[in-house]
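I'd like to walk through its aromatic rings today.

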Amino acid sequence: MDTGKKTARKVTEAVSPASAARRKFINSVAAAAGGGCLLALGAGLYSRSASALPAQALRPPGALPEPDFLAACVRCGLCVRDCPYDILKLSDLGDTVATGTPYFTARKIACEMCEDIPCVKACPTGALDRQLTDINQARMGLAALVDHESCLNFLGLRCDVCYRVCPVIDKAITLETQHNPRSDRHAMLLPTVHSDHCTGCGKCEKSCVLPEAAIKVFPRALAQGALPAHYRKGWEEKARHGGSLIGEQVELPVRGFEGPTAGRSATETVLAPSAPAPAVQAPAVPAAPKTPPGINSHWKP
Amino acid sequence: MATIPLPIKPAAAACAPARSLWQRQRWLILRRTSQLLILLAFLSGPWFGLWIAKGNLSSSLTLGVLPLTDPLLLLQTLATGHVPYAAAFTGAAIVLVFYLLFGGRIFCSWVCPVNVVTDAAAWSRRRLGIKTGRVPDADTRYWLLGGTLVASALTGTLAWEWVNPVSLFHRALIFGMGGAVFVIGGIFLYDLLVASRGWCGHLCPVGAFYGLLGKTALVRVAAPNRKACDDCMDCFTVCPEPQVIRPALKKVGQESPLILASDCTTCGRCIDVCDKQVFKMTHRFDQRSE
């Protein structure tokens, strides 16, 4: 290539060997540049298409937000080596997780939440942020009780396993008491996840007794909603300022709740057939539990 | 090649004093030992619980004190806009200084695991007499090297690391993965059927980067006994970068017997195969020529 360059410079335009050399030089540069750019572009496109973290893959504690993580992680596997419980894996080529990056799958094995966080200490690049010093502040993901139909506690049983195994018990997962409308005389204790305490360690999903877990841990970007920034909760603002910010409001009579739910809280839905039929309902089929008229969303916990 | 006496030069083979197997394979054996020992340093931990080196060629920690980081990877990280911890800079600086001193592409022939695959492909190509294919321009690797940095900057991720066969293969060997087989198999077939020395000599941006570090290398192969050369072409045949030999051996554009081109991987294979013992491993300031 160098010789071609020199020849091209020395000899004038008219001489054909020089223009041939120049043409060869330009050709070779174009081919090299084209090939190089094409390969780099291909790699770039591939990385873009695969850069979304799949739902079942969780990053180690202290991981930067996914786009920053993919910039910072050099795929060295030092976090994998220093994990005392062999929880982390490096993704293989063709996996849906970015090639060579560390992740774990909660249902297979959950993070043990070591107090000294050795994986974070091992990271040489800051893809795992050393500002994380309290493992309870880790946000590897967020648990979500995704299936209310199969969760045993939602069926009125006392499984409670996800609640019991939670390392941040009574903060990240609480049991919320609800009336059980099916039996009408029992309570349901519903496992409820709180995002401000859940570390996403995956213990709940790992331990769910069902063949397919009813509670699952997802990357936060998938599991968590967000209110618009301008939203204010009236009751919170009221409490903060010691009174309504817009003055006392006129109490209007509530209309349209003439059914049996009128005057009750929404969670207190009663559908017992033995209940006396409300006055407005025509007692045509008194034996069958019938939908009361009026506004009733039929929401049951 | 020297192990099989070629029919075209029976006289030369007969005249030359018989060289032992060690003399004919010394640098190859040493290189393979080096590649194997480096791999074992990473594998002794997971295999025997004896931790020597943790991590992989991208970034590692040896004996709990010595951080090493691939400087090219650090450059790509910086191109994405992320500034890593000091350990990564220290590690990259150590690696950088080592290869600036001893020769950039020593990495390719003495460390890189892909070298074993491409050497095997080149050997098979010679043995099978395959002449077909089209070799890309040797400068493609520099464009690709630039491309890796541009791709990192544009995508904001280490784009090249998704497919980089060098780190992919080393990681696969150490952490046990199957997907790399396809990439490495692809490179073997490419080198075997399409382009002689196509990957390492023409495309690999990692090799291109280490080549750039090799301008000041102290360890060099020289041809002090070049008068004895009988033009048998054995060295050209085995050399992964044959263009580097001519200036030193034939005094083209230089008087010095040193192979100074930074493309030279200092693999020493030319020393092994030369029956006339023209070549030797030496240092940069050794200008002796017989």
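**Aromatic rings in the model**

Let's start with Y210(B), which counts as buried at 2% relative accessibility; buried means under 20% relative accessible area, with a 1.4 Å probe and protein chains only. Quick housekeeping: this is a predicted model, where local features need pLDDT of at least 70, side-chain atom pairs count only at pLDDT 80 or more, and totals for chains, interfaces and linings use all residues. Residues are numbered from 1 along each chain as its sequence is written, chains are lettered from A and ligands numbered from 1 in the order written, and side-chain values use heavy atoms, leaving out hydrogens and water.

So, how many aromatic pairs are there over all chains? The structure holds 8, where Phe, Tyr and Trp rings (six-membered ring for Trp) pair if their centres lie within 6.5 Å, and planes under 30 degrees apart count as stacked, over 60 as edge-to-face and the rest as tilted.

Take W27(B) and W110(B): their ring centres are 6.2 Å apart and the planes sit at 75°, so that's edge-to-face. Both of these, W27(B) and W110(B), are buried.

Now back to Y210(B): its ring and that of F107(B) have centres 4.4 Å apart and planes at 15°, so this pair is stacked. F107(B) is buried too, with a relative accessible area of 7%.

Last bit, charges over rings (NZ of Lys or CZ of Arg within 6 Å of the ring centre and within 35 degrees of the ring normal). R81(A) lies over the face of F175(B), 4.2 Å from the ring centre, and K54(B) lies over the face of W51(B), at 5.5 Å.

How values were computed
Buried < 20%, exposed > 50% of the residue type's maximum accessible area, 1.4 Å probe, protein only.
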